[in-house]
Amino acid sequence: MEFSTNQEEEIMIEKSIEESIVLSIFDLSNQLKKIGDEVYQKVGLTTQQWLILLHLADNPNLPFFKREKHKKALMASELAESLNVSRANITNLINVLLEKNLVKQYEDADDRRKKRLQLTDEGIELLNRTQPSRLAVIMYLTEGFSQEEKETFLRFIEACMNKVTNEDEKIKSFHQLLVEA
């Protein structure tokens with residue numbers, strides 16, 4: 001698409017499938033967060049608080065559990081890592097869930113300095129109550145795709161996540177292009 005600007009220099013951006021994929025993932029992520037915020041606001045939660053509940057429920061579909069093997073209940077630091085938020089942010093999110101009696105905190109049996117988190121009965125009930133709506137949205141978003149297409153898409157997303165999380169230094173090296181330009 002061509003359009004006129006008042007800029008003296010021309011912007012050098014060309015259409016590419018690779019960039020379209022990445023920008024579409026950004027857009028999809030933003031739209032899913034918006035939908036999540038609208039839905040979970042009805043039960044008094046944010047999307048991030050709801051994701052914490054899914055983590056504490058050991059949802060096997062979360063990428064975190066594919067990357068990290070856990071035998072014990074999660075700690076706040078592990079949730080912060082998975083959700084890519086600061087320690088202060090995760091503390092605030094958890095405090096709200098504690099106040100709502102959706103999660104409880106207890107001392108680790110092996111190291112009393114560590115605090116582990118688990119769902120309360122109210123937290124479990126809330127997840128069970130929201131599950132049909134959540135699954136309906138997921139099924140709607142993925143309908144019309146064959147099982148093979150879904151598996152291919154998941155492999156692509158997982159490969160991208162692997163590059164982002166395990167090749168952080170490689171990705172940061174691309175930012176040197178900004179300095180050199």
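This is a predicted model: local features need pLDDT of at least 70, side-chain atom pairs count only at pLDDT 80 or more; totals for chains, interfaces and linings use all residues.
## Helix 2 and its surroundings

Helix 2 covers residues 47–56 and is mostly covered, since 8 of its 10 residues are buried. The buried residues of this helix are Thr47, Gln49, Trp50, Ile52, Leu53, Leu54, His55 and Leu56. After helix 2 comes Asp58, a residue with a positive phi near 55 degrees, to which a later section returns.

## Where helix 2 meets helix 6

One partner of helix 2 is helix 6, which spans residues 121–142, and the two pack at an angle of about 110 degrees with their axes 12 Å apart. The angle makes helix 2 roughly perpendicular to helix 6. From helix 2, the residues Trp50, Leu53 and Leu54 take part in the contact, and they meet Leu126, Leu127, Thr130 and Arg134 of helix 6.

## Where helix 2 meets helix 4

Helix 2 also packs with helix 4, here at an angle of about 120 degrees and with the axes 11 Å apart.

On the side of helix 2, the contact is made by Gln48, Leu51, Ile52, His55 and Leu56, while helix 4 contributes Leu79, Ser82 and Leu83. The residues of this contact divide into 5 nonpolar and 3 polar, with no charged residue.

Apart from neighbours within four places in sequence, the contacts of Ile90 are Ile52, Ala76, Leu79, Ala80, Leu83 and Val85. Of these, Ile52 lies in helix 2 and both Leu79 and Leu83 lie in helix 4, and these three also take part in the contact of helix 2 with helix 4. Leu127, by contrast, is 37 residues from Ile90 in sequence, and the C-alpha atoms of the two are 19 Å apart in space.

## Two loop residues with positive phi

Most residues other than glycine have a negative phi. Asp58 is not a glycine, and yet its phi is positive, near 55 degrees. The residue sits in the loop that runs between helix 2 and helix 3 (63–67), where it is exposed, with a relative accessible area of 51%.

Asn84 is likewise not a glycine and has a positive phi of about 55 degrees. Its place is the loop between helix 4 (76–83) and helix 5 (87–99), and with a relative accessible area of 70% Asn84 is exposed.

## Salt bridges

The structure holds 9 salt bridges. One of them joins Lys33 and Asp37, with the closest N and O atoms 2.8 Å apart. The two residues are 4 residues apart in helix 1 (residues 17–41), so about one helical turn separates them. Both ends count as partly exposed, Lys33 at 42% relative accessibility and Asp37 at 27%.

Another salt bridge links Arg116 with Glu78, and here the closest N and O atoms are 3.9 Å apart. Because Arg116 lies in strand 2 (residues 115–119) and Glu78 in helix 4, the pair ties together parts that are 38 residues apart in sequence. Arg116 is buried, with a relative accessible area of 7%, and Glu78 is buried as well, at 14%. These two residues also belong to a network of salt bridges, in which they are linked with Lys72, Asp108 and Asp110. In a further salt bridge the side chains of Asp111 and Arg113 meet at 3.0 Å, N to O; Asp111 counts as buried at 18% relative accessibility, whereas Arg113 is exposed, with a relative accessible area of 73%.

Conventions. Residues are numbered from 1 along each chain as its sequence is written. Side-chain values use heavy atoms; hydrogens and water are left out. Buried means under 20% relative accessible area, exposed over 50%, partly exposed in between (1.4 Å probe, protein chains only). Axes are lines fitted to C-alpha atoms, for helices over the stretch in contact, and angles run from 0 to 180 degrees between N-to-C directions. Angles under 35 degrees count as roughly parallel, over 145 as roughly antiparallel, 65 to 115 as roughly perpendicular and the rest as oblique. Contact means heavy atoms within 4.5 Å. Ala, Val, Leu, Ile, Met, Phe, Trp, Tyr, Cys and Pro count as nonpolar, Asp, Glu, Lys and Arg as charged, and the others, Gly among them, as polar. A salt bridge is a side-chain nitrogen of Lys or Arg within 4 Å of a carboxyl oxygen of Asp or Glu.
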